[in-house]
Amino acid sequence: MFTLPLGDRAQLSPLEPWQAAEFLAHIDRARATVDPWVPWASLGADLASATATLQGFADRRAADGARIHGIWRDGTLVGGVLFTGFDAASGVCEVGCWLEGAGEGQGLATRACGALIDWAFTQRGMSRVEGRAASGNAPGIALARRLGMRRDGVLRRHAVHREGRRDIEVWSVLAEEWPAAGDASEAAVRAELDRLMGVFVDAFTNTGGRRPDLGVIRDVFVPEGRIIANVGDEPVIYDLDGFIAPRQEMLTDGTLTEFSEWEVCERTEVFGSIAHRFSEYRKSGYHRGEWFEGGGHKTTQFLRTPVGWKMSSLAWDDAPAKP
């Protein structure tokens, strides 16, 4: 059985029927948070049904169809990634992912899904990879964005779950939009740096009732990354946890509402395995009920790591906000 390192003491391996007991124990830990969004997880209610679930995937894999893989961290199964559908003849497949609490906030879902998507495009010649999520599934939609997918549309009242029906958002990425493994061309690198910055900026958005998830910042930064605010006479230097926690609170407790931020322009320079980006940005929203608009500049440093490009540091300088 192959294993693929995901970094941060984690690995990806196929989930097989003989691992049903381990799979069931994991699903029991994850059930409260997973079942609302991944209904098939409820099929693993006991050892027999968990075995049947994994056997079903094994049979479909033997027929070159759906596949399921587990994500282990420090030897414990903490989540999984799967092709819910895989049609080599049409060149279309669908990828999905789930995690228990111990696996969240570490970028595992992004790296695991990215590995499956890369395999589908580079090894199997697929044309399109889809991701689907219920309209209220903010983590699933954020994952699609981090994977570089585009929102194709909404299948209204498409899925039945428990007592009601749900709208399902369809996201996708095409083969020509996916950076080839090892592609170090300037265009590919710049596209990846654009994606990382897009994920970072989008993490703060809470317009239209959207719940922001600043935990995705950990996906785009190296674990030792630093974020620096140039305010007042001395800069304030944050590690990732110190930066994320207070901003997540402000964006979810009513302090900062209808907030969004976007790049106006940027200048990016790449030098081998390092890169730098100088950006001008704008932002707007309500702070304690009062509308404001503002902007400023960012300088961001990037590194090429064994698991791809990552941000290593970011510093910003706000211009005075305008009421």
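By the salt-bridge rule (a side-chain nitrogen of Lys or Arg within 4 Å of a carboxyl oxygen of Asp or Glu), the count here comes to 21. This is a predicted model, in which local features need pLDDT of at least 70 and side-chain atom pairs count only at pLDDT 80 or more, while totals for chains, interfaces and linings use all residues. Residues are numbered from 1 along each chain as its sequence is written, and side-chain values use heavy atoms, with hydrogens and water left out.

**Salt bridges**

- R218 and D241 meet through their side chains at 2.8 Å, N to O. R218 lies in helix 6 and D241 in helix 7, so this pair ties together parts 23 residues apart in sequence. (Helices, H or I of at least four residues, and strands, E of at least two, are DSSP runs numbered from the N terminus.)
- E263 pairs with R277, with the closest N and O atoms 3.0 Å apart. Since E263 is in strand 11 and R277 in strand 12, the pair ties together parts 14 residues apart in sequence.
- R277 is buried at 2% relative accessible area, whereas E263 is partly exposed at 27%. (Buried means under 20% relative accessible area, exposed over 50%, and partly exposed in between, with a 1.4 Å probe and protein chains only.)
- D318 in strand 14 and K283 in strand 12 are 35 residues apart, and their side chains form a salt bridge of 2.9 Å, N to O.
- R128, E130, R132 and D152 are linked in a salt-bridge network.

**Nonpolar cores**

- The largest nonpolar core has 32 residues, and F200, F204, I217, F221, I227 and F243 have the most contacts inside it. (Such a core is a set of buried Ala, Val, Leu, Ile, Met, Phe, Trp, Tyr and Cys residues joined through side-chain atoms within 4.5 Å.)
- Helix 5 gives this core its largest share, seven residues.
- Apart from this core lies another, of 31 residues, including V81, A133, L147 and V173.
- Leaving aside neighbours within four places in sequence, F221 is in contact (heavy atoms within 4.5 Å) with residues including F200, I227 and L240.

- Strand 12 (residues 274-287) and strand 13 (residues 290-305) run antiparallel, joined by 14 bridges. (Two strands pair if DSSP finds at least two bridges between them.)
- E280 has H297 in strand 13 as its bridge partner.
- Two residues sit between the strands of this hairpin, where R288 takes a positive phi near 50°.
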